[in-house]
Amino acid sequence: MQPRNMSMSGVVDLAAVKAAQEAKAKAEQARAQAARQGGTGGVSPADLVIDVSEATFERDVLQRSTEVPVVIDFWAEWCQPCKQLSPVLERLTVEYNGRVLLAKIDVDANQMLMQQFGVQGIPAVFAVVAGQALPLFQGAAGEAQIRETLDQLVAVAEQRFGLTGLVVDPEAEPGARPAAESVPEGPYDALLEAAVRALDAGDLGGAVQAYKNVLSEDPGNEEAKLGLAQAELLQRVQGLDPQQVRKAAAEQPGDAQAQIAAADLDLVGGHVEDAFGRLIDTVRRTAGDDRDAVRVRLLELFEVVGADDPRVTAARRALARALF
C-alpha cells in the first residue's frame, strides 16, 4: 500500500492535522464510554509491538498514526546490528506505555515499503505521525539517544497534532482493539465525511460549503471550524504564483495584502512561526483597516493550527504586545 501524506521534511499537513484531531476526539469519547461501562477501552501491552507487512501497512501504520506516533523498525534476520537495536526499541516501546507504537517491517519480505521510504541500509528507524513520515535515525543507536528521539517524537505528536497516545490496559486480551472503533456516529458525521471527500477530490468550494452546513446547525462544532479554516486557506492559495507572491512581499513590507498572501503560503508550507511572525510584524507597521485585516487573518491562521498549539499561544502574546 502506498504511504499517503508522506513528507520527509516534517511539513505540517493540514489534512493530517484534521484527521489527528478527529481521532483524538473520538478516542476521548471512546474512553469515556468505556469508563462508564467499567473498562478502560485500552490495548494490551503485547499489542504495542506489531509486525507489519505491505498488506497491513494502511491499517496498522497509517490509520493508527492518527491515534499514536508509530515508530517503524526496518530490519532483517541477517542484520546483526538489527539484533542489537530491535530489542531495545521493543523494551522502550512497552516502557513508554502507549505513547508510541512500534511497527516492525522485515525488508526481505516487504521490498516495496523499503523503497517507498527510501531506506538505503538497515537498521533504519522512521516514524509516522498523523500520516506523515519522518526519518529518525539509521544504524545502531544507544539507549540514551533513542530515549531522546522518542521524547521529541511524543512532544511533536502531542503539540502539533493533538495525539495523546493509546490507553494501555494490562488486563486486556492481546489482539483486542480499543473501544474507539465502536463509538457511535455523531449527528453531523455524514456532512463531515462529505467535506473530507470533497477535499480529497480537490473540490475546495464543496468542502467549504459542507463545513458551513455543519456550522449553520452546530456553530460550536470544533471539527467543522477547524476543517473550514483549513479548506478556506487551501482555497485562498489555489492558483497563486508563490514566486510572485514572495517577491511582492519582500519588496512591499508594509503592504498588508502582500504580507497576508505570503503568510498563507508560509502556513501551507508548514512554516508556522514564519507565517505568524510575518503578520505580527505587519500589524506593527500598519494602521486602520489594513491593520485590522492583518489581525483578522492571523486569528484565522490560529484556527488552522489549533488553539492548544504552543506556537499559537506564543503568537497570541506577541500579537497583544504589537496591538497594545
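**Helix pairs, cores and a few loop residues**

Modeller: Bearing in mind that this is a predicted model, I would begin with helix 12 (residues 288-305) and helix 13 (residues 310-323), whose axes come within 10 Å and cross at roughly 165°. That angle is over 145 degrees, so helix 12 is roughly antiparallel to helix 13.

Biologist: Which hand does the crossing of helix 12 and helix 13 have?

Modeller: Helix 12 passes helix 13 in a left-handed crossing.

Biologist: And which residues meet there?

Modeller: From helix 12 there are Arg291, Arg295, Leu298, Leu299, Phe302 and Val305, and they meet Arg311, Val312, Ala315, Arg316, Leu319, Ala322 and Leu323 of helix 13. Sorted by class, the residues of this contact are nine nonpolar and four charged, with no polar ones.

Biologist: OK, next pair. At what angle do helix 6 and helix 7 pack?

Modeller: Helix 6 (residues 189-200) and helix 7 (residues 204-217) pack at about 165°, and their axes are 7 Å apart, which means that helix 6 is roughly antiparallel to helix 7. The crossing of helix 6 and helix 7 is left-handed. Helix 6 contributes Leu191, Leu192, Ala195, Val196, Ala198 and Leu199 to the contact, while helix 7 contributes Leu204, Gly206, Ala207, Ala210, Tyr211 and Val214.

Biologist: How many of the residues in that contact of helix 6 with helix 7 are charged?

Modeller: The contact of helix 6 with helix 7 has no charged residues, and it divides into eleven nonpolar and one polar.

Biologist: What about helix 10 and helix 11, how do they cross?

Modeller: The axes of helix 10 (residues 256-268) and helix 11 (residues 272-285) come within 7 Å and cross at roughly 165°, so helix 10 and helix 11 are roughly antiparallel to each other. Their crossing is left-handed, and the residues making the contact include Gln259, Ile260 and Asp266 of helix 10 together with Asp274, Arg278 and Thr282 of helix 11. By class, this contact of helix 10 with helix 11 has eight nonpolar, two polar and three charged residues.

Biologist: Switching topic, which residues have the most contacts inside the largest nonpolar core?

Modeller: Those are Phe57, Val61, Ile72, Phe74, Phe117, Val119 and Ile122, in a core of 30 residues. Helix 2 (57-63), strand 2 (70-75), strand 3 (101-106), helix 4 (111-116) and strand 4 (124-129) each supply at least two residues of this core, and strand 2 gives the most, with four.

Biologist: What does Val119 touch, then?

Modeller: Setting aside neighbours within four places in sequence, Val119 is in contact with Phe74, Met114, Ala124 and Phe126. Apart from this core lies another, of 29 residues, among them Ile260, Phe276, Leu298 and Val304.

Biologist: Is Arg64 buried or exposed?

Modeller: Arg64 counts as buried because its relative accessibility is 8%, and its place is in the loop between helix 2 and strand 2. The C-alpha atoms of Arg64 and Val129 are separated by 8.9 Å, although these residues are 65 apart along the chain.

Definitions and conventions:
Residues numbered from 1 in each chain as written. Predicted model: local features only at pLDDT ≥ 70, side-chain atom pairs only at ≥ 80, totals over all residues. Heavy atoms only, no water. Axes fitted to C-alpha atoms, helices over the stretch in contact; angles between N-to-C directions. Parallel < 35°, antiparallel > 145°, perpendicular 65-115°, else oblique. Left-handed = near helix turned anticlockwise from the far one by under 90°. Contact = heavy atoms within 4.5 Å. Nonpolar A, V, L, I, M, F, W, Y, C, P; charged D, E, K, R; others polar. Core = buried A, V, L, I, M, F, W, Y, C linked by side-chain atoms within 4.5 Å. Buried < 20%, exposed > 50% of the residue type's maximum accessible area, 1.4 Å probe, protein only.
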